[in-house]
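We will go stop by stop.

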Amino acid sequence: MKMESPLADNNRTIRSNLGRSAVLGGRALGGLISGRGRYLRALTTFAEVLAIYGRMKTSQARTLEQAHRDAAERVARLCRRNGATWVKAAQFLSCRPDILPQAYIDALAPLQNDAQVVHFDQLKPALVSTWGEDWTRHFEAFDLVPVATASIAQVHRARLTSGEEVAVKVRLPDVAAQFDQDASLFRLLARLIAPLVRELDIIQITEQLLTMTATELDFRNEAENLRRFARLPHPPGIQVPRLYDALSGEATLVTGWVHGQRLRDHLAQHPDQAASLLGRLVGSYLQQVTRFGLYQADPHPGNFLVDEQGTITILDYGVVGRLTPDEVRRYSRLLYGLLGFEGEVDMAALFREAGFVGGDTETLEQLSSYVLTDQLNREHPVQALQSLQDALRAQRIQIPDSYIGISRVLITLGGLMMAYGVPFDWTPPERRR
């Protein structure tokens, strides 16, 4: 077997783990002690960010934009240094212009494809655990230099003994232990930040991030998601990687090798294709949400590859959103009712059917009218969707978690389209050409 030289070791191993620290208290304290270096950096950065915004009150020359830039640089540096869950959070937030100012989006965006490379020797235990000591018997060639390193996994290119090219995704060492340690601090920071930004439900956003990351840590979940997703009738120009089930396990996932460029890289070279590619991608996601009831729930640009024919391959099924048939029907009617595709409908009743709790009929009707008229005339439709969400929270109307998940995905895609100046097309899948 041909094996290339490993890369230099750029990763520090966390040497202690005192167990799960999912809640504050005694167990969380154990996690804080175990990961004290990362936690100290996080709390120090939090204090620095507060000080940056605090100085605005005493300095007339300092603008809010300058404060955002300075604070964003510190937050990005913290996420890069702490790694794992922190990089995942940076990737999550860099696609959320509805949550963060543009300065933060710009500072965090590089972390989508800028994780530290891990020495191959540190990954071997995962390969041995999955395939045994003679794990190389499955491969004719295996490139020890990774093609990509993300927040929780690293991807290597290989060739099976059958001659097929594959991508081997391997979970990074200690990432599960680090997640257990970091979850407590994320929840603590969310509680500290929540009173400062009351217009957003920071605690709910944090829980979504932690739930998503916890699910991604077990690659068996991703394998099952990929199997289900591959069976769906996707539109032309959208494809899913092939899964090599027999070679996949809890810490490894083997899929067919996909030739192509990351979406951002492709659009940088072919900006004239932005409208067609992003339009097709959004059409696919609307189909996933409003027709399949199964959607890829992490649509950041690094998860899309474009080949020479313009086919988009959707990668990374660590987390998918699932809706029951009733939820698909209710959310579809609500979404398309808000956008005028359902004709004359009782919007208050649609909100109730979709599981929204609180608020009187008149309030819900007014909010719906607000989105359908003023907001859509003045804002990008995705901004209008966020405005509606903010207005619902301001009226103390309880929003279902599944609706929050759908909104997050659509808002993320909308932010990508806004970045390229592409209008968001809400046309239902069956009405598209």
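This is a predicted model: local features need pLDDT of at least 70, side-chain atom pairs count only at pLDDT 80 or more; totals for chains, interfaces and linings use all residues.

Helices (H or I, at least four residues) and strands (E, at least two) are DSSP runs, numbered from the N terminus. Residue numbers start from 1 along each chain as its sequence is written.

**Stop 1: the whole chain**

Select everything. The protein chain has 16 helices and twelve strands. Of its 433 residues, 52% count as buried. Buried means under 20% relative accessible area, exposed over 50%, and partly exposed in between (1.4 Å probe, protein chains only). Now think about contacts, meaning heavy atoms within 4.5 Å. Among contacts with a separation of 6 or more, 66% are between residues 24 or more positions apart.

**Stop 2: helix H4**

Select residues 85-94. Next, show what covers them.

**Stop 3: the largest pocket**

Rolling a probe the size of a water molecule over the atoms shows where empty space is left. The search uses a 1 Å grid over the protein atoms alone. A cavity is a set of points where a 1.4 Å probe fits but cannot get out. A pocket is an open set with protein on both sides within 12 Å along at least five of seven lines. Lining residues have an atom within 4 Å of a point. Points are joined across faces, edges and corners, and a volume is the space filled by probe spheres set on them.

The largest pocket holds about 1,100 Å³ of space. Select Leu93, Leu100, Tyr104, Ile193 and Ile202: of the 36 lining residues, these are the closest to its centre. Two or more lining residues come from each of H2, H3, H4, H5, H7, H8 and H15 (381-394). Which element gives the most to this lining? H2 does, with seven residues. By class, the lining has 28 nonpolar, five polar and three charged residues. Here Ala, Val, Leu, Ile, Met, Phe, Trp, Tyr, Cys and Pro count as nonpolar, Asp, Glu, Lys and Arg as charged, and the others, Gly among them, as polar.

**Stop 4: the largest cavity**

There are four cavities of 30 Å³ or more. The largest has about 100 Å³ of space. Select its lining: Val289, Thr290, Tyr331, Leu334, Leu335, Leu338, Leu385, Tyr403, Ile406, Ser407 and Leu410. H11 (274-292), H12 (325-338) and H16 each supply at least two of the lining residues. The lining has nine nonpolar, two polar and no charged residues.

**Stop 5: a sheet**

Select E6, E11, E10 and E8. In that order, these four strands form an open sheet with mixed pairing. Strands pair if DSSP finds at least two bridges between them. E6 (238-239) and E8 (261-262) are the edge strands, each pairing on one side only. E8 and E10 (304-306) run antiparallel, joined by two bridges. Find arginine 262; leucine 305 in E10 stands opposite.

**Stop 6: glutamate 222**

Finish in H9 (219-230), where glutamate 222 sits. Is this residue buried or exposed? At 4% relative accessibility, glutamate 222 counts as buried. Leaving out residues up to four places away in sequence, glutamate 222 touches Lys169, Leu253, Asp316, Tyr317 and Gly318.

How values were computed: Side-chain values use heavy atoms; hydrogens and water are left out.
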